[in-house]
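Please examine the following structure, beginning with the chain as a whole and then turning to individual elements.

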Amino acid sequence: MRTPQAAIATPPSDTEGTMEHEPSSGHTSGPGAGPDSGPNAGHSVRTRSQHQRRKRIVQAAAALASRGGVEAMQMRTVAERAGVALGTLYRYFPSKMDLVVAVVGEEIDLLESSIERRPPSASTPAGRAVDVLMRATRGLMREPELADALIRSLILAEVETPFGDRMAGLLLRVSAGGIGRDQASEEQIALAGSLSSIWVQELLEMLRGRRTYEQIQRRIEIASDRLLSDF
């Protein structure tokens, strides 16, 4: 897989090695079987099964992309690797770009988990925001083809994606003392969204080979200092 000029060597994703392990449904039989017993047992098991199937599809797509980029994420190949019918795959993900967004959503989940385990230690809101955005940059650049497809989806609005809103919300939480969008002022929401948009543009420049990782970090530091100075 060709790596853009600006990509950097990073540790493997936390999801590596999870491909073939499907979670157990946890269902047991007999009296006192637990949460799966009772009148809603069938619905509970069915919902959990659907969640596991979706997760298996996303993991299959990620594994294929990690070896051959987005071009390797052919819908029929993903379905075969995930062990589902092609029609089932299309019910979960109507298009390839929907699947790309779901795979990158997994990266955001990993980023949020990383921040919960190891919160940014900088003393300023701007410093904490830079920490988050550069962690996100490293995570996405492990799979530059996926990152490129995501950026194109944001710019061209090919599919509806919560990526920008999730990043802005994450920046709000780490920069403004853990507040959510419902507690933040209109100005704070706008500033966090602007910083997220700047980061997306810088990431695109990196994918085009026009920025190095160090240049992006410096530009993000400058933008964060200006935009979050009153946080």
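This is a predicted model: local features need pLDDT of at least 70, side-chain atom pairs count only at pLDDT 80 or more; totals for chains, interfaces and linings use all residues.

The chain has 231 residues, of which 43% count as buried; the cut-off for a buried residue is a relative accessible area under 20%.

The secondary structure consists of nine helices and zero strands. Read from the N terminus, the order of elements is accordingly α-α-α-α-α-α-α-α-α. The contacts within the chain may be considered next. Among those that join residues at least 6 apart in sequence, 70% link residues at least 24 apart.

The expected value rests on one less than the number of residues, multiplied by 1.5 Å. Helix 5 is also mostly covered, with 14 of its 17 residues buried. Helix 8, which comprises residues 186-207, has 22 residues. From its first C-alpha to its last, helix 8 reaches 32 Å, close to the 32 Å expected at 1.5 Å a residue. After helix 8 comes Gly 209, which has a positive phi, near 80°.

How many cavities of 30 Å³ or more does a search of the whole structure find? The search finds one, and the space in this largest cavity is about 30 Å³. Its lining is formed by Val 104, Glu 107, Gly 139, Leu 140, Glu 143 and Leu 146. Helix 4 (96-117) and helix 5 (125-141) are the elements that each give two or more residues to this lining. By class, the lining comprises three nonpolar residues, one polar residue and two charged residues. Gly counts as polar in this scheme.

Is Arg 81 buried, partly exposed or exposed? Its relative accessible area is 31%, so Arg 81 is partly exposed: this class lies between the limit of under 20% for buried and that of over 50% for exposed. Arg 81 may also be located relative to Gln 59: the two residues are 22 apart in sequence, and their C-alpha atoms are 9.4 Å apart in space.

Notes
Residues are numbered from 1 along each chain as its sequence is written. Side-chain values use heavy atoms; hydrogens and water are left out. On a 1 Å grid over the protein atoms alone, a cavity is a set of points where a 1.4 Å probe fits but cannot get out, and a pocket is an open set with protein on both sides within 12 Å along at least five of seven lines; lining residues have an atom within 4 Å of a point. Grid points are joined across faces, edges and corners, and a volume is the space filled by probe spheres set on the points. Helices (H or I, at least four residues) and strands (E, at least two) are DSSP runs, numbered from the N terminus. Buried means under 20% relative accessible area, exposed over 50%, partly exposed in between (1.4 Å probe, protein chains only). Contact means heavy atoms within 4.5 Å.
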